Amino acid sequence: MNVHAAKTEANDSAAETILSVNNIEVIYDHVILVLKGVSLTVPKGGIVALLGANGAGKTTTLKAVSNLLSAERGEVTKGSIHFDGDEVQALSPNELVRRGCIQVMEGRHCFGHLSIEENLLTGAYTRRDGHAAVRADLEMVYTYFPRLRERRQSQAGYTSGGEQQMCAIGRALMSRPKMILLDEPSMGLAPQLVEEIFEIVRQLNDKEGVSFLLAEQNTNVALKYATYGYILESGRIVLDGDAKALRENEDVKEFYLGVGGEGRRSFRNVKHYKRRKRWLA
Amino acid sequence: MLYDVLIDPFVQMVAVPDFFLQVIWEGFVSGVLYALIALGFVLIYKSSRIFNFAQGIMVVFSALTLVGLHSMGIPAIAAVPLTLLVMYLLAMSVERVVLRPLVNQPDIILFMATIGITLFLIGFGELVFGGENKVMITEQLGIPTGAFELEPFGGFVLIEQKDVTAVTMAILLVVGLLLFLDRTKMGRAIRALGDDHQAALSVGISLSTIWVLVWFIAGVIALVTGIVWGARAGVSFALEVIAYKALPVLMLGGLESVSGAIVGGIAIGILEKIFEIYWGQPFLGGNTETWFPFIFALLVLLFRPQGLFGERIIERI
């Protein structure tokens, strides 16, 4: 009876979080330790921001989740990652996409010699539900990104940065994802375009129920659209909390939002954030 | 002397146009075959950045398998699909045994691995089918062997029917392949993989599936080349040499361009023949076809390092 109750409870909590990363360590080339115990969770239907400076380990974290690390000679040496109840490390990137976890890589990575429409169609590679369903989703992507419809026949390599970012997100959408790992969507884009893209992210989250884990350097925008945020520094989570709370936090303001409160402050006086110990559930 | 070298050959071309046509036709036929082999290289290179040294031996191996199966008493009609099956198994084992364990290794290591595949196929082919020269089962496959004559400009041009068959098969194969690459989901995935490896992985394109497919296509190309070239020159390990003719074609056409391989192949075929007949034989003692394409490709590379049709690198600034 008791066991049964515990089991139901576990199932319930599994239903609430779509992604849980438990204390992972990532090593590149067998020697370079990049992540030193990162833990985070993404609730189903949430937008979670992963913030931090260059080289903090944001991209590595995302790639660990999508299991694309091995292509760069990286490996998860400790900890575990669960997506929707499955152990990620046991699945190939192909399997993961099929189960609804897809990454939009930093720098867009569109297929330059394919047309925009062909790019979008490659996103449906893992689907088995037939031509008509894929066509319908193509229409859906064009509704979210009308600009892509105009450029559908252009070679992706010749489109603008914003169009390529839209193409990359649209391509991910074509796989019918439950969660999109979005890496630096704002990179190299005009502020207005950044807002436009984040606005669409919010809509996708609202209407299609897609969860997002987004890595961003643009803390300001990311915290505006996310519900929860983690701040990563040299491979460790140093701070996390509701997006709102993070926006109010003096130190975050000082170092990531660039709006310090009382004049110039010295680093010496800044509270040192210790990694909170997280234990495997 | 200068007149003999620089002017006289052209005078001859104009003076005896039917012979000139004959030369161009023969060059065209071998050119089409070079193009086919180059296409095999291009496909594998595009999808995996591997320069597949084994493409030439795959031609020999597929032809040997076909002839060997036939000599075991299997009718030609059944031997062809069986050979295709063998090529598929080969593609699968190459992926499983060679490529998958070596993924992410430097290009040169994969290149060395394809040399290994070459040596293995030579040994394995000899072991199973014997090393002696064989005759392609041209008639059993229904390839006509006659010839017909055309009479342009009052002269005559002799066209062998098996050459016509060769060209037709090559064209069908190329058109089919281009349609496949352009229209189907798998074709799109192959091109996507050629463009951006990482991104292809991220959208869930499975490398193993594509690699098996691409090596199998290269095997099919090898079989077609083996059949038509074997019909002209017999089936022996010396056939492998024609695969090296694909190298200048690739230099000309660029390693990544399908159309480059086709145009480059035909251009090399025709040019080497013309050079051989009008310059090679009178002035250089003949047999220039073995080296002319390489010199020609070198000269082109001096002026266009990406080859004549090398894929334009799209770069945003």
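This is a predicted model: local features need pLDDT of at least 70, side-chain atom pairs count only at pLDDT 80 or more; totals for chains, interfaces and linings use all residues.
Chain A contains 11 helices and 10 strands. Of its 281 residues, 43% are buried. Among contacts in chain A between residues at least 6 apart in sequence, 71% link residues at least 24 apart.

The domain assignment divides chain A into domain 1, which comprises residues 11–100 + 177–281, and domain 2, which comprises residues 107–170. In the contact between these domains, 12 residues of domain 1 meet 6 residues of domain 2. On the domain 1 side, α3 and α8 (191–208) of chain A each supply at least two residues. The largest share of that side, 5 residues, comes from α8(A). By residue class, the domain 1 side consists of 8 nonpolar, 3 polar and 1 charged residues.

Chain A also touches chain B, with 26 residues of chain A in contact with 17 residues of chain B. On the chain A side, at least two residues each are supplied by α3 (93–98), β6 (101–104) and α4 (116–122). Helix α3(A) provides the largest share of this side, 4 residues. The chain A side divides into 11 nonpolar, 11 polar and 4 charged residues.

The largest nonpolar core has 160 residues, of which Leu213(A), Leu214(A), Ala35(B), Ala38(B), Leu39(B), Ala63(B) and Val214(B) touch the most other members. Helix α10 of chain B (residues 207–233) gives the most to this core, contributing 17 residues. Domain 1 (11–100 + 177–281) and domain 2 (107–170) of chain A both give residues to the core, which therefore lies between them. When neighbours within four places in sequence are left aside, Ala63(B) is in contact with Met136(B), Gly226(B), Ile227(B), Gly230(B), Val235(B) and Leu239(B).

In chain B, helix α7 extends over residues 161–183. At 1.5 Å a residue, the 23 residues of this helix should span 33 Å, and the 32 Å between its end C-alpha atoms agrees with that expectation. The buried residues of α7(B) are Asp163(B), Ala166(B), Ala170(B) and Val174(B). Elements of chain B that cover these buried residues include α3 (17–48), β2 (157–160), α10 and α13 (258–284).

Note on methods. Residues are numbered from 1 along each chain as its sequence is written. Chains are lettered from A and ligands numbered from 1 in the order in which they are written. A nonpolar core is a set of buried Ala, Val, Leu, Ile, Met, Phe, Trp, Tyr and Cys residues joined through C-beta atoms within 7 Å. A residue is buried if 20 or more other C-beta atoms lie within 10 Å of its own, exposed if 12 or fewer, and partly exposed in between; C-beta atoms are placed from the backbone. Domain bounds come from an automatic or database domain assignment. Two residues are in contact if their C-beta atoms, placed from the backbone, lie within 7 Å. Ala, Val, Leu, Ile, Met, Phe, Trp, Tyr, Cys and Pro count as nonpolar, Asp, Glu, Lys and Arg as charged, and the others, Gly among them, as polar. The expected span of a helix is 1.5 Å times one less than its number of residues.
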